[in-house]
Amino acid sequence: MIAGGGTLGSQVAWQTAFKGFNVVVYDAFEEGLERSKAFHKEFSGLFLETRGATKEEIEAALSRLSYTTDIALAAKGADILSESVPEDPNIKKAFYEELAKVAPEEMIFTTNSSTTLPSDYAEHTGRPEKFLALHFANGIWDANVGEVMRHSGTDAKVFDQVVE
């Protein structure tokens with residue numbers, strides 16, 4: 001599950017789908033989902049033109065992407081969340097509190113925030129032991145790096161699972 005259909009959330013969703021995983025993009029607003037779909041169309045062309053992707057690979061990636069404004073539907077069956085909602089602490093806290101009500105128990109929560117600490121939100125997730133930062137740099141297919149940061153309450157096994 002990718003929360004947030006903006007620039008970075010859409011890149012994470014695209015790269016994840018291109019690498020073979022099913023992805024649900026969640027945004028609170030239909031406009032956010034339309035923006036994400038437009039990004040994915042743009043990334044399709046970019047990968048065809050400059051990254052050597054085939055039409056079959058692009059079609060497969062697009063088939064692995066789905067979009068919804070329904071947070072419960074987005075969370076259903078998801079193993080991991082990559083959150084890229086606006087960098088407003090109140091929005092992030094409210095998002096995590098809402099998601100915690102409907103997310104599967106096994107879901108790991110991650111934030112892509114680069115301006116705040118995971119500990120700022122851990123308690124709002126309802127599962128602080130399964131929460132950490134997983135931050136990607138803009139242009140994730142070029143950087144191909146993800147920073148993983150835990151907080152004092154993160155379970156070491158969860159950290160190891162995400163790092164692997």
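**View 1. Pairing of strand 1 with strand 4 in the predicted model.** Strand 1 and strand 4 run parallel and are joined by two bridges. Ile-2 has Ser-82 of strand 4 as its bridge partner. Strands are DSSP runs of E with at least two residues, helices are runs of H or I with at least four residues, and both are numbered from the N terminus. Residues are numbered from 1 along each chain as its sequence is written. Because this is a predicted model, local features need pLDDT of at least 70 and side-chain atom pairs count only at pLDDT 80 or more, while totals for chains, interfaces and linings use all residues; side-chain values use heavy atoms, with hydrogens and water left out.

View 2. Seven strands form an open sheet in the order 3-2-1-4-5-6-7, with mixed pairing. Strand 3 (65–68) and strand 7 (146–149) are the edge strands, and each pairs on one side only. Two strands pair if DSSP finds at least two bridges between them.

**View 3. The unit of strand 4, helix 5 and strand 5.** These three elements make a right-handed β-α-β unit; right-handed means that, with the strands pointing away from the viewer, the path from the first strand over the helix to the second runs clockwise. Strand 4 and strand 5 run parallel, joined by four bridges. Leu-81 has Phe-109 of strand 5 as its bridge partner.

**View 4. Helix 5 and its buried side.** The buried residues of helix 5 are Lys-92, Phe-95, Tyr-96 and Leu-99, where buried means under 20% relative accessible area, exposed over 50% and partly exposed in between (1.4 Å probe, protein chains only). They cover an arc of only 95 degrees around the axis, which puts them on the same side of helix 5; the arc is that of the directions from the helix axis to the C-beta atoms. The elements covering these residues include strand 1 (2–3), strand 2 (23–26) and helix 4 (71–75), with contact meaning heavy atoms within 4.5 Å.

View 5. The buried residues of helix 2 (residues 30–50) include Leu-33, Phe-39, His-40, Phe-43 and Phe-47. Down the helix axis, the buried residues of helix 2 fall within an arc of 150 degrees, so they line one face. Exposed on the other side are Glu-31, Lys-41, Glu-42 and Glu-49. Helix 1 (7–18), helix 3 (55–63) and helix 6 (140–143) are among the elements that cover the buried residues. Gly-52, which follows helix 2, has a positive phi near 75 degrees.

Terms used:
The expected span of a helix is 1.5 Å times one less than its number of residues.
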